[in-house]
Amino acid sequence: MFFAEFDGHQLWELVSAPDNVPIVLMLFMLPVYLWMGFRAAFANDRLIAELEANPEMAKTHHRKTYPYHPSWDKTVSVWPYLLKMEFLAAIIVTIVLIVWSVFLNAPLEEPANPTLTMNPSKAPWYFLGLQELLVYFDPWIAGVVLPGVILMGLMAIPYIDVNPLGNGYYTWRQRKFAVATFMFGFLVLWCLLIVIGTFIRGPGWMWFWPGETWDHTRVVFEVNKDLHEFFGIRTLPENKWKMFFFGGGIVTAFSVISGGAFHMWFVKFAPKTYAKLSKIQYGHLQFLMITLMATPVKAILRLGFTIKYVWVTPWFNI
Amino acid sequence: MAGQAQALPKDPIQTRSMSVPIFVASAVLVGSMILALYDEFVWRRPYKNYQESFVVVYANFLEHGLLPRQKERLKAIEELPEFVELAKAIKAEEAKVADVNARVDEDLIPVIANIDRIADTVKVARAKYQALNYLFEKGRHIDLTEVEENGGKLTGTDALTPAQEKVKKDMDEVLAGPYVITVIGEDRKDVTLSLNYDQLNAKMAEFRDQKAAGENAKGAALKLLKDLQARQTKIVETNLVGPHPESVKKLMAASDDRKIGASKEPMGLRIGALPNGQVLQINIDTLNWVDRCESCHVGTREPIEMSKDDLAAIEENNLTPEKAVVFSSHPSKALLDVHDPERFGCSMCHGGNGRSVSKVELAHGLNKHWTAPLHPPENYEAGCVQCHREDLVLKSRNVEAKTLNEGKWLFYWKGCWGCHKYEGFDREPDHITVLEKERSAMVKEREKMLRDREGEEMKAKDKAMIDQKVATIDTKMGELNREINSLHASTAKVGPSLRDVRHKVKRDWLPGWIENPKVFKPSTKMPVFRYEPGDVTKIAAYLWQNHDQKPPQKHQPGDVTKGQWQFEQRGCLACHQVQRDGKMFGDGFATELTRIGDKAEFDAVVDWILNPTNGVMPNLRLTVEESRDLTTYLFSLGTKAPYPAAPELEDPKLAAEGAAIIRHFGCAGCHEIKGMETESRIGTELTYEGSKPKERLDFGRLEHDFKKQKRYTHKDFFETKLEDPARFGLGKNYKDPREKLKMPNFHLAPNEINSLTTFLMGSIEHELPTMEKNTFEEAFAYNPDEQGQAIREGWWVVKKYNCVGCHQFETGDQPHLWTMPMYVGKSPDGKGDLEVRRPPSLVGQGFRTDPIWLAKFLRNPALTNDAVTAHRNGVRTYLDVRMPTFRLSDLEIQKIVRFFGALSAQPAQYQKEDLAPLSTQENTIARALVKSIRCINCHAIGEPKWDLEKANAPRLTIMGERMNPPWTRRWIQNPKLLMPGTVMPQNFSEQWEVEFKNGTIYRGIGYEESGAEGKIKQAGAAEPTKFNLADLKAPAKKTGRWIANDVPPEAVSYEGDHIDLITRYLHLNYNNQTEIDATLPPN
């Protein structure tokens, strides 16, 4: 174990808190749905391969979902075939919510006391990922810029995505890049951060492994330095331009290197897509990809190498 | 194959029906909705069940508990002689009036029947007439303009309109009738009458008059019976505790019918307002506080006391006391009378979550996140602290916070405040700070004035004014300085001063004591510290080498027997104790003295007794010989066990190291130590410890296990910490041993731990502002009037000096000294009861004595500075037990005096009654009275030989200054009334007056009647005069004048009140030696 004493009681308190139950549920549901999704995707992929072998079918038959029989209709109506499934789903979700609300009470805590803040103070579970980002970036970046990039990026997808395949059915083969990128962004940068924020972060927002006692008096060595301090530039107001250019250089270099690497990879593995993309579309894609990759890199630098910020400027820190 | 080919696989999307899953899901959805509703109305509203059960339990209580009890009580009352007598009288009277009643009733039968018969006809006729009358009187519409133009008159004709004509006609018809009625006539036969409207009404009035007359006759006949019955009811009302059985029966009927929520009546009980599943809440607007406790605890404010044991005792209820508690009424009605739940709610005192009604655990605040859990029974009184922070003693006539009082007292007495600040416990230092601030403000003002005076443009007049102002300030400053000095003088730390350790104790004894004082003296207050090796020697060396007192005088040993007498009779045992036959003898307020000889130096102790200089130990005004005897006796008690020699205490190097250790352990919190005068406290402040977040309580390595065992509470923290202060340091490693937990172990008894825990649990702060923008303290804390304030302040002083060890303050108190064998039973030398030798009771002291005199007495209880008599008691010279001289500050004296005044409900301003001076003749009479009553047979008079040997009552010669005249009068009238058990006889009686038919009047005392004969003792007569009662003109009566039982010849002709005379004499003239000499008995 990473720590001396395993504390089952602490762990139970953590996972049984009504606030954390959804996260525990998420831990199990995510793999299940992933598996279901991929099973469907692979089945469809096989079907697509089968259909592609028959050139006629490949062009005309749009119902590329498994199971399949040539005699079946090419399309089915939303009503009743989709809506009755959705209705059933709605009923089941309502049942789950009602039963849940009967047996799990709202996680109310102490009466609010303006003179006393709770420790750890945690955001609602769906925001814990963003709160975790605060460890790695300053509030401006973590709280405004990154969520902004996420939202804008999600909105931009239809305009960047030039691949017409995969609409309305699960597929891996036809959208490998899109699916992989999404899985990285969602599973790693969103769900994992929520799990960390829920189960790992304890008093003082310190790192406690599951089963480790949440000791309010714990003291850890956490002297984090800015990257430039390793290179002889101290974090002082008079060094602000030195720090600015040093950090700016590093960030630029990272962007150039990672952007270049991505470019080489993309051109090699998806030449057709690349060809379809306009310069503006590709530029946006590059920017989003660099940001996506930079976030975990910074987390690793911070957790693994006690580096506080790479780029310190009077306005923001990265 | 072909067949199979035709049976193509069906499209699952288009062919699957989904009806079954949707139906099943819908059914489950309905089920889950039912579940939600059930949850909402049943699971989350357990109070409904409690309310249902309450109705049953309550009905059972009425039927099987209250009714039999009240019946029994009523039966006992009905057996009282006066009741029986009345019952007889009532029976006789009933028999007498029965005939009358029957006759009247008989006569009334036809009258009532007649009324009945015509009532309808009359009603209809009247209604018709009135309706028509309305129409007729209404007249017609008029136009104001028209009327005004016409000079205030109506225009047109006065004639009635056809419609009105019709109405008039109808009215006439109604008036004319005829109304045909059949009534019972005189001979009880039916008579048919035909009447018009007026006659009909007259007939009705006639019948009514007949009925009223009959009932009046009945009432007159019944008057005496009614009176008797009223008297009987009165007897029941005055004697019956609780409701009348008939009322109980009404209640039972109401509860049977479930007249729930009907009215707040009957009998003022809550049954009429029994809840029907609704939430019952108290809403305190000012605090935004809501308590719904009564939703389950419905019977809390039930006026009839209904204890859990009462309820459990009723078989039908089938409840254990633990379960019955939810239905019982509040166990202390007296407490609720003072703390109206409508104003204070429940959870403010009891803790818990007053808003929650969904679950017992939640309502009681026992869930994880509620910061104020319900106080468990043993800590109920914790709720008092928040409002009664400044009271050391919380008690009134019928309620007393025993546990809390003990807790607060322990906190004070054990010296917890030496290390832990707690607001209000630093009485003197806090007061000094306030006064010093005032003083420095005054100094500044004075300086400013003087500067202004030096200004050039000042006129002579202004300068004079400034001089005057400065002079006023100077006077005030003088007073302030005196107050501050006296406060400094009365500031006492818990432990003895260690400035004179070198002279006071044996050197070799010191290290062992510091190491573990409980070994030498298990009863000591001094706690056991956890030292590092070597600490003890260093501390001892520092103390041994730092002293500033002069060595004591040399003294010769005295007499052990005499010393023992001093120890037992002077009152030492009111505070001190010694071991005798393996038991403690005396009181534990101050230190145990059994082994004092083993540790202390003889000379130092003799000197100390003669003049104790610090702490609260008073001066008993012993002579040097007495002090030597006493010390010799005390030194004879020890075991004389030797100690290992400790010459290292003389090593200056060790002493130097000791200073830091003494500071570390905070010894100066309880002891005065040279060089440590300005040490600050080392402990954490405890004023609001009860509401400190649990995370900030240092549970150490045990936090986790405490959480697991559900003991992660303030209560458990306090209890564990008090039981073993080192517990929360277990399992930790310390690089620097000085970082270990410092709190020493007081070895507290379980009840002491509980009391202190109660006190600390209650020490909470209300942080949230109230709605009216004032703090909780301002809005709710106990804010007494002048008397309450005086009592509150007084207790601090009275307890500080242990006045309660010797004196009784309220009837029923048992001071420890009173229970000692020296003061119980008969005197072995045959001098009477030992009770009279104990320190006097101070019940009613505030009414008894003049406050100015009392202050003087407290300053010097000998009332003299004369070298010989200064050793004695000033008032009760004959008592061996001595009122010692305390080092009280002026403020403390003021507080004690006012405390007594307030206890006796005296106003803050004392105005001594002006007594009329005595004429020479009156003086002679009064002198004769004092002689004849033989006051001086018992009372002391300031004559040393008499006072010491014969007297057994207080000095009479200081009456004038000492007593409050109204008290003297009342005391002389009937001493036993003011102080039950006093030996003072009743020397005066109220005069009787008998007037005979022949005009003679006898006035005297001792009036008695026996058979037909009466007797009365007239003034001056030796024997009572007998007479025949039949000769009396009127029954004997009292005149309101009091005369002596033994009237001396001089006083026979005196017309005035003897008590008034003797009061004036004693108060005004009896401090005069000639008067004293003149009243001495012949021998």
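Q: How many cavities of 30 Å³ or more does a search of the whole structure find?

A: A cavity is a set of points on a 1 Å grid over the protein atoms alone where a 1.4 Å probe fits but cannot get out. In this structure the search finds 2 of 30 Å³ or more. The model is predicted: local features need pLDDT of at least 70 and side-chain atom pairs pLDDT 80 or more, while totals for chains, interfaces and linings use all residues. Residues are numbered from 1 along each chain as its sequence is written, chains are lettered from A in the order in which they are written, and side-chain values use heavy atoms, without hydrogens and water.

Q: What volume does the largest cavity have, and which residues line the cavity?

A: A volume is the space filled by probe spheres set on the grid points, which are joined across faces, edges and corners; lining residues have an atom within 4 Å of a point. The largest cavity holds about 70 Å³. Its lining consists of B:Arg530, B:Glu532, B:His664, B:Phe665, B:Pro737, B:Arg738, B:Lys740, B:Leu741 and B:Lys742. By class these are 3 nonpolar, 1 polar and 5 charged residues.

Q: How many aromatic pairs are there over all chains?

A: Rings of Phe, Tyr and Trp (its six-membered ring) pair if their centres lie within 6.5 Å; planes under 30 degrees apart are stacked, over 60 edge-to-face, and the rest tilted. The count over all chains is 72. One of them is the edge-to-face pair of B:Phe996 and B:Phe1027, with 5.1 Å centre to centre and 85 degrees between the planes. This pair links parts of the chain 31 residues apart: B:Phe996 is in the loop between strands S7 (988-995) and S8 (1001-1010) of chain B, and B:Phe1027 is in strand S10 (1025-1028). Strands are DSSP runs of E, at least two residues, and helices runs of H or I, at least four, numbered from the N terminus.

Q: Why does B:Phe996 count as buried?

A: Buried means under 20% relative accessible area, exposed over 50%, and partly exposed in between (1.4 Å probe, protein chains only). B:Phe996 counts as buried because its relative accessibility is 7%. B:Phe1027, with 9%, is buried. B:Tyr1065 and B:Tyr1070 form a tilted pair, 5.7 Å centre to centre with 55 degrees between the planes, and both are buried.

Q: What span does helix H10 of chain A reach?

A: The expected span is 1.5 Å times one less than the number of residues. H10 (residues 279-305) has 27 residues and reaches 37 Å from first C-alpha to last, close to the 39 Å expected.

Conventions: 1 Å grid on protein atoms, 1.4 Å probe; cavity = no way out; pocket = protein on both sides within 12 Å on 5 of 7 lines; lining within 4 Å. Nonpolar A, V, L, I, M, F, W, Y, C, P; charged D, E, K, R; others polar.
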